[in-house]
Amino acid sequence: MKILVPVKRVIDYNVKPRVKSDGTGVDLANVKMSMNPFDEIAVEEAIRLKEAGKAEEIIAVSVGPAKAQETLRTALAMGADRAILVQTDDEVEPLAVAKILKAIVAEENPGLVVLGKQAIDDDSNQTGQMLAALLGRPQGTFASKVEIDGDSVTVTREVDGGLETVKLAMPAVVTTDLRLNEPRYASLPNIMKAKKKPLDTKSPADYGVDTAPRLKTLKVSEPPVRSAGIKVPDVDTLVAKLKEMGVA
Amino acid sequence: MKTLVWVEHDNASMKDATLATVTAASKLGEVHLLVAGSGCRAVAEQAAQIAGVGKVHLADNAAYEHGLAENVAPLIVDLMGHHDAVLFPATTTGKNIAPRVAALLDVMQLSDIISVEGEKTFTRPIYAGNAIATVESSDAKLVITVRGTAFEKAAATGGSAAIEDVAGAGDAGLSSFVGAEVAKSERPELTSAKIIVSGGRALKDSATFEQYIMPLADKLGAAVGASRAAVDAGYVPNDYQVGQTGKIVAPEVYIAVGISGAIQHLAGMKDSKTIIAINKDEDAPIFQVADIGLVADLFNAVPDLTSKL
């Protein structure tokens, strides 16, 4: 079985994003970029499934600018076997990404597609579900445990009230939650080896996908700033404040 | 515009998240509800009481019992023949189903909206709430998830909508429900609580979390939350987690105890009306958003606070 792992190049999660003063977006010039944290978990899970003998090949794919190659090389250094970069400088919405992935699934026929549950830039949480819909396949979203058993996969999902377990017919689509695993670091020898692994470059047009956005961003603004608070010297003052507010 | 709202429920009673979604939907036009589940007529009767609702569609079928996206999405797509927009609360259930519906309709989804600016224009937070985007959809049908804390709750009573049964195709045969592990709690639900007491890594372990945070929460009638660090360290189950990757809350009062205030955590609670922080590090980022801060060792301050309330 093959596993397809889509990965996204996003602003590093430790960086505090700054809104551009003209309101057109978030300033990404000279900002540290990394692999989306949920996608690292997806790559890790695919590698663990391969190590457990459940998969033969892992294909990492990214839709984005030429620099997304770095993100794919990271996935290769972690343990993916080959990579596909669908190169475009346009911002591609989840629906268009899902359509590109659908075309890649048709070519590669993976038993599982493992994605992150959401990207930390647009916070959409859509691509995995959309891909599953377009393929007519089942989805195991927000996975904290994935077990392959013959032609089905059992997924434990993190839901609002606790955990839920579902059984999906394979092929299936899984999206990862934070607690699925702890992603490994790529070692230096593996980073060197990753440079020799195959990386195909394609374009959205190769897959016949129109990436024109359906949502037009009219403006991006700073969130309202909270007014400065006060510090209280001791617990008694805090209790008095709480009583003033009517909570105690 | 005719809107359809997915009613969140457990087959016995409706969840509160639905009410805020109804408010968002009512800003777009006529509101219809969909109650899909198994043996859930009581939920439909409850939903029909919500003020301002035009009609309740009831799809009662064993295939819909657990809200499996594979089974429910086609049902909603059918109903979208007569609706212009479908809105879901941005809960795990809503987030699971909505994008599947959107892709089947070939439209982009609007995730986690915090305001309705026009018939096709909405605002939503991006980059963990560090920026607010105003977006306009060019799609014919709208699929939206609604951030519950950003809208007032519609009145749960005062309406008298008609209930109409809908059939739906039932089981898509792709997935099945195996089981659930529901975290038991006597305390108020996190996302709808008026007061939340939240603990972080500084609590040290699950026993001290229990010993210091729970009595304070109980004294205040508050729900208990946690930072990701506290969840990852195993102090509390993951459904306590507040943040970008956990729950988004906006209570009247949020008390952060031993939480440094990483941006991922702030994304989940910075719209709280009053934020109170107790932390021994006076440079902790949490103090930049806190209305009231107390620089103190929580192991002394929290028991003292609990006893004086």
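Q: Which residue is the bridge partner of A:Leu215 in β8(B)?
A: B:Ser137 is the partner of A:Leu215 there. This is a predicted model.

Q: Which strands does that pair belong to, and are they parallel or antiparallel?
A: Strand β12 of chain A, residues 215-221, is joined to strand β8 of chain B, residues 131-137. The two run antiparallel, with 6 bridges.

Q: Which strand of chain B itself pairs with β16(B)?
A: β15 of chain B, residues 274-279, pairs with β16(B) in the parallel sense over 4 bridges. Within chain B, the bridge partner of B:Ile276 in β16(B) is B:Ile292.

Q: OK, the interface as a whole. How many residues does each chain put into the contact?
A: Chain B gives 81 residues and chain A gives 77 residues. Between them the chains bury about 6,600 Å², and 56% of that is on carbon and sulfur atoms.

Q: Which residues in chain B lose the most area to chain A?
A: Those are B:Thr92, B:Met108 and B:Tyr127, which together make up 12% of what the chain B side buries.

Q: How many salt bridges across the interface?
A: The rule finds 6 salt bridges between chain B and chain A. One of the salt bridges has A:Lys99 meeting B:Asp106 through their side chains, at 2.7 Å from N to O.

Q: And how many residue pairs in polar contact?
A: The count is 44 residue pairs between chain B and chain A, both residues at pLDDT 80 or more. On the side of chain B that touches chain A, the residues divide into 39 nonpolar, 22 polar and 20 charged.

Q: Switching to A:Thr88. Where is its place in chain A?
A: A:Thr88 is in the loop between β5 (82-87) and α3 (94-108) of chain A.

Q: Does A:Thr88 count as buried or exposed, and why?
A: A:Thr88 counts as buried because its relative accessibility is 9%, and the cut-off for buried is under 20%.

Q: What does A:Thr88 touch, leaving out residues up to four places away in sequence?
A: A:Val63, A:Gly64, A:Pro65 and A:Pro204.

Q: And which backbone nitrogen lies 3.0 Å from a polar atom of the A:Thr88 side chain?
A: The backbone nitrogen of A:Asp90.

Methods:
Residues numbered from 1 in each chain as written. Chains lettered and ligands numbered in written order. Predicted model: local features only at pLDDT ≥ 70, side-chain atom pairs only at ≥ 80, totals over all residues. Heavy atoms only, no water. Contact = heavy atoms within 4.5 Å. Buried area = accessible area lost by both parts, 1.4 Å probe. Salt bridge = Lys/Arg side-chain N within 4 Å of Asp/Glu carboxyl O. Polar contact = N/O pair within 3.5 Å; in protein donor to acceptor, adjacent residues only side chain to side chain. Nonpolar A, V, L, I, M, F, W, Y, C, P; charged D, E, K, R; others polar. Pairing = 2+ DSSP bridges. Buried < 20%, exposed > 50% of the residue type's maximum accessible area, 1.4 Å probe, protein only.
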